[in-house]
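Me: Hey, can you walk me through this structure? I'd like to start with the core.

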Amino acid sequence: MKIEIIKCLEDNYSYLIIDENKQIACVVDPSEAKPIIHHIEKNKVELKYILNTHHHYDHVGGNVELKKRYNSHVIGFEGDKERIPGIDELVVDNQIWKKDNFEAKIYHIPGHTKGHIAFHFYKEKKIFTGDTLFSLGCGRIFEGTYEQMFNSLNRIKKLQKDTKIYCGHEYTLQNSNFCLKHDPKNLKLLEKIKLIKEKIKNNLPSVPTILVDEIECNAFLKAKDLESFSKLRDLKDNF
Ligand code: ZN
Ligand code: FE
């Protein structure tokens, strides 16, 4: 399984998950169709599945055009069937979604939106976290509660430490400044920031990140309890 990272809009990432044996692919959160089409044609794959983590326009903007062009199947959370454009297949918490050689567990992780989900390709140890967990940050709480977001992050935290995390935005550099402010002596964080800056300077994505790095460096995953998490989230909103 090969992953292509596709930059979309201002700072979004969509991901093409390619099965190189069958030359078929899934796309995660196509913000817009054009860059996705470019990568599909470059890789000469058939786009069979469109996976959406949540309904925000910058994650589903390409759904309808891609579906029409490639006859792809749109997969999203059951609770968001009214607001994910072109949705064909509804998934629920803890379900194993399995098609062709693609196999992912669905985690319902509300907080950013009520219907946010993650796709965990557990065999490959890769998880697509949308706008819930970012590298060195987490999503804003738009529809859910602090408690939901805290619990959602804790679910991701329990995965195997070497799980690769593919998130919805390139926010890593701004996020790192916030983490550094709250954890200035964290050597691992300082080391990670060095690597992030190098990547950004070379116009490379800072993602994927690895769960163990996030557990040790991400202020939101380091929060000991709901109260300190909520405080951090408020501070970040005004950072
Ligand atoms: Zn969002
Ligand atoms: Fe987003």
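Me: Which residues touch the most other members of the largest nonpolar core?

Reply: This is a predicted model. In its largest nonpolar core, which has 26 residues, Leu153, Phe220 and Phe229 touch the most other members. Several helices give two or more residues to this core, including H5 (172-182) and H9 (226-237). H4 gives the most, with 4 residues.

Me: And what is leucine 153 in contact with, leaving aside neighbours within four places in sequence?

Reply: Leucine 153 is in contact with Thr132, Leu133, Cys138, Phe220, Leu221 and Phe229. Another core, of 24 residues, lies apart from the largest one, and Val28 and Phe128 are among its residues.

Me: Switching to metals: which residues are the protein donors of the iron ion (ligand 2)?

Reply: The donors are Asp58, His59, Asp131 and His169, lying 2.1 to 2.3 Å from the iron ion (ligand 2). The site is irregular, with angles of 83 to 169 degrees among its 4 donor atoms.

Me: How far apart are the iron ion (ligand 2) and the zinc ion (ligand 1)?

Reply: They are 3.2 Å apart, and aspartate 131 coordinates both. Histidine 59 is in helix H2, while aspartate 131 is in the loop between S10 and strand S11, 72 residues apart.

Me: Is aspartate 131 buried or exposed?

Reply: Aspartate 131 is at 4% relative accessibility, so it counts as buried, because the cut-off for buried is under 20%. Histidine 59 is buried too, at 0%.

Me: Last topic, the open sheet: what's the strand order?

Reply: The 6 strands run S7-S8-S9-S10-S13-S14, with mixed pairing. S7 and S14 are the edge strands. S9 and S10 pair in the antiparallel sense over 3 bridges, and histidine 120 stands opposite isoleucine 127 in S10.

Conventions
Residues are numbered from 1 along each chain as its sequence is written. Chains are lettered from A and ligands numbered from 1 in the order in which they are written. This is a predicted model: local features need pLDDT of at least 70, side-chain atom pairs count only at pLDDT 80 or more; totals for chains, interfaces and linings use all residues. Side-chain values use heavy atoms; hydrogens and water are left out. A nonpolar core is a set of buried Ala, Val, Leu, Ile, Met, Phe, Trp, Tyr and Cys residues joined through side-chain atoms within 4.5 Å. Buried means under 20% relative accessible area, exposed over 50%, partly exposed in between (1.4 Å probe, protein chains only). Contact means heavy atoms within 4.5 Å. Two strands pair if DSSP finds at least two bridges between them. Donors are N, O and S atoms within 2.8 Å of the metal (3.2 Å for Na, K and Ca); water is not among the atoms, so sites may look incomplete. Four donors count as tetrahedral if all angles lie between 85 and 135 degrees; four count as square planar and six as octahedral if opposite donors are over 155 degrees apart and all others between 65 and 115; anything else is irregular.
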